[in-house]
Amino acid sequence: MQTLTTLAYRFSLLGFILTILPIIENRSVSAASYKYFEIEPIAAQITQSTGMQLVTLQNIEINQAYVSDLVQQGKEFYTEGKFSDAIIVWQRALKDSEDNQLRQAMLLSNISLGYQQLGEWDKAKSAIASSLQILASQPNIKGKLKIFAQAINTQGSLQFALGQMESALSSWQTATNTFSQIEDHTGKMSSLLNQVQALKALGFYHRMVEVLSIIDLSLQTQPDSELKASGLRSLGDRLLLMEDFPKTKKLLGQSLEIASKLNLKSEIGATQLSLGNLARAEYDSNAAFKFYNAAAGNATSPLRKIQAELNQFSLLIEEKKFSEAQTLISTLEVQSDRLLPSRSAIYAKLNFAQHLAILAKQNTTSKQDLLLKSANILAETIRQAESLGDRRAKAHALGSLGALYEQSQQFKEAEDLTNQALFIAQSINALDIVYRWRWQLGRLRYAQGDISGAIAFYSEAVENLRQIRNDLVSVNAGLQFSFRESVEPIYRQLISLLLLEDGAISSQKNLKKAQNVIESLQLAELTNFLRSDCLSANPVEIADVDRRAAVIYPIILEDRLEVILSVTDQPLRRYSTSINQKELEQIVDELRIDLREPRTQDYLSKSQTVYDWLVRPAIADLRKGNIKTLVFVLDGSLRNIPMSSLHDGENFLIQTYSVALTPGLQLLDPKPLVREKIAVLAGGLSEERHGFTALPNVLQEIKNIQAQVRSSRELLNQDFTENNLRKTLLNSPFPVIHLATHGQFSSRVSDTFLITWDGRLNLESLTQLIQSRGQDKVLELLILSACQTAVGDNRATLGLAGMSVRAGARSTIASLWSVDDAATALFMTEFYQALASGKTEKAEALRQSQIALLVQTKYQHPYYWSPFVLLGNWL
């Protein structure tokens, strides 16, 4: 194999195109570059990312100047990313501290943090256990309590990294209480911010909001200082992870104002970088460029400067401003050369190399030069990682170099490098790296014709993703935007391989596995959307839920549409259509537009086309199974069209079958609706509010509900406020909630909301309202009768699914677009009439209501009746 010294020069002769490597980010605030730096293990970075105090690097007073110097030197090494050097220095200080047990405990806590950064988990565990054992034998004096609080904070970060979320939360709560006891405000804020991470990972949103409020209130009451400015920025960065953009903007604005008033240049630059990330998240590239440029100007270190410039560089490439991006290269090369060896410097260089490779794909004249630069940078990062003893950074660099060989079709060398990277990543239990290199090995095996070997590696990668799903949503600020590039393709490519392995007719074993992978992809998408692994997955078989229901799983692949059909007492069946993804999505998008035009019949041919893809091949099996309900687990853009509108040339699908949607059987609560006493809370707006048009027929809609369901309560117009909803649900936990108001579903949590009289009710607020009913009070049915999906958002229905599962609703009925509200009122009257009879399943009640409109000349166009969809339990 080529040596790293000659490798870069060989690349210049190959003329290959580099793959777009997984986008990575650095979690520390000093390296904040929203979605562009390495995903760090949360263990050691949690406290550092607060920006207020590196709480695990204690500043306690000690007697020996020599030992004090070693402690400080170790701290400097640590903050520079030289973790191995920091550990060596602290271990030297530990040997010279045999006469001071408190000092030993402090140093062991620091050493544990260093090992966490390096992924040396056993050594980290041993060090923190020794620290806490020493502290347990010491009297409760103030000096001991400070060290104990910081050590227990370190223990929490280790527990979090190892997936022990409840234990981590408990440790951080203990740290917070101890810091409060000794009136250490900085330590208290740091441990509270850590609690936010744990609460978010556990899905305890109400408690998380309470803790964030405590932090905010505490910071607001402090006098202006550098600590307050950095604390506000850190809190803003956390809220940015949660897509709470208004609060993020407010906090970062306050931070910048304080930093500017106190002339804190470093803090000004750091906050401007965060503001650039916020603008980017809001798709305001012009503002992002301005903030990044200002951050680079105010940077007080080469690392800070290059991070801001790299964000400019990557944003220019993202915006396809390739000529402008090219002009930054020489400046970035100079900045890169000035960086002292450290993990942050390595990740900055990896980032630079990755984007040079992307730019090379767009620039044929400079392609070879750009590839040569990228290869040289990667070779240098490997050398630096080796010199630092940083195995995590080395695993990234080696794997990235393997990707270059992969694209040059030098598969043996690529496998060699990738296996080296995988071995290192496995040795430090870095599953967030492991999955990437297993994915890469799967691609390499497939490229060499070994489909079975490829499936094995892909399957292992998917399992790794399952194991770290919680870490990904908690750590990586950019995953919401890179999910489609660095996670989703693994699932789709594995499904494609499983369905190809045995030729045209896949084995039942492979079909079953493909079905499970589709379910896993649905769960991963929702987890990513919600930014929390709060979903409980319990696989069920359709035969155990409804023997007269069939499940249809379409999956959109690059070169074809695959469909798996599941019918009780029949083997799984697969059928496919040869159509590329772009063409399929164009047809689906056009159908969605045509369905919303009630004056034309342009939708019909496309509706029949999609019917031919999804349903026609299954008709014989459906008839054989005496099926009456079709349950779709939809994929991609197919989610944006109502399946009830599909047409066989004579009838709409809804005229033959009841139709339901689900994000997967594993998220299905299979219990049927309890029909003895249906009680409904009906709320809504009939008047114009917050820029949204009036819905005059909402009055009739709610009046009709009251006529059909005696046990009902209304909250209309001025009474339809968030506070009134909360009070009403606390007093009477209605099993059915009907909200007749404007709303929007989006692929972004921040753009998914309902309108109340006093403002917007976002996803988290709605979740808290419904959960306030009590854990034992099941929400049988949530109806959202005047909502729509966001225009131009092909994944907007993720917002509908996300709202449904986060609310804990067994079933949700909602509209995919805004419908004539007179038609909606009539539809809802028919629906409740069928539901209140006590004999009709929800899917059948929906079908009867849609047909009631369809048979009327005025409403026969699918624009009026088809957008109402049932998500979840259809019984």
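I looked up glutamate 764 and found a relative accessibility of 17%, which counts as buried (under 20% relative accessible area; exposed is over 50%, partly exposed in between; 1.4 Å probe, protein chains only). The model is predicted, and local features need pLDDT of at least 70, side-chain atom pairs count only at pLDDT 80 or more, and totals for chains, interfaces and linings use all residues. Residues are numbered from 1 along each chain as its sequence is written, and side-chain values use heavy atoms, with hydrogens and water left out.

I then checked the partner of glutamate 764: its side chain meets that of arginine 806 in a salt bridge at 3.5 Å, N to O (a side-chain nitrogen of Lys or Arg within 4 Å of a carboxyl oxygen of Asp or Glu). Glutamate 764 sits in helix α32 (residues 763-771) and arginine 806 in helix α33 (residues 797-807), so the pair ties together parts 42 residues apart in sequence. Helices (H or I, at least four residues) and strands (E, at least two) are DSSP runs, numbered from the N terminus. Arginine 806 is buried too, at 6%.

Next I took aspartate 751 and arginine 748, whose side chains form a salt bridge at 3.5 Å, N to O. Aspartate 751 is partly exposed at 31%, whereas arginine 748 is buried at 6%.

For arginine 574 and glutamate 562 I noted a salt bridge at 2.7 Å, N to O. Arginine 574 is in strand β3 (residues 573-577) and glutamate 562 in strand β2 (residues 561-567), so this pair ties together parts twelve residues apart in sequence. Both residues are buried. I also logged a salt-bridge network linking Asp559, Arg560, Glu562 and Arg574.
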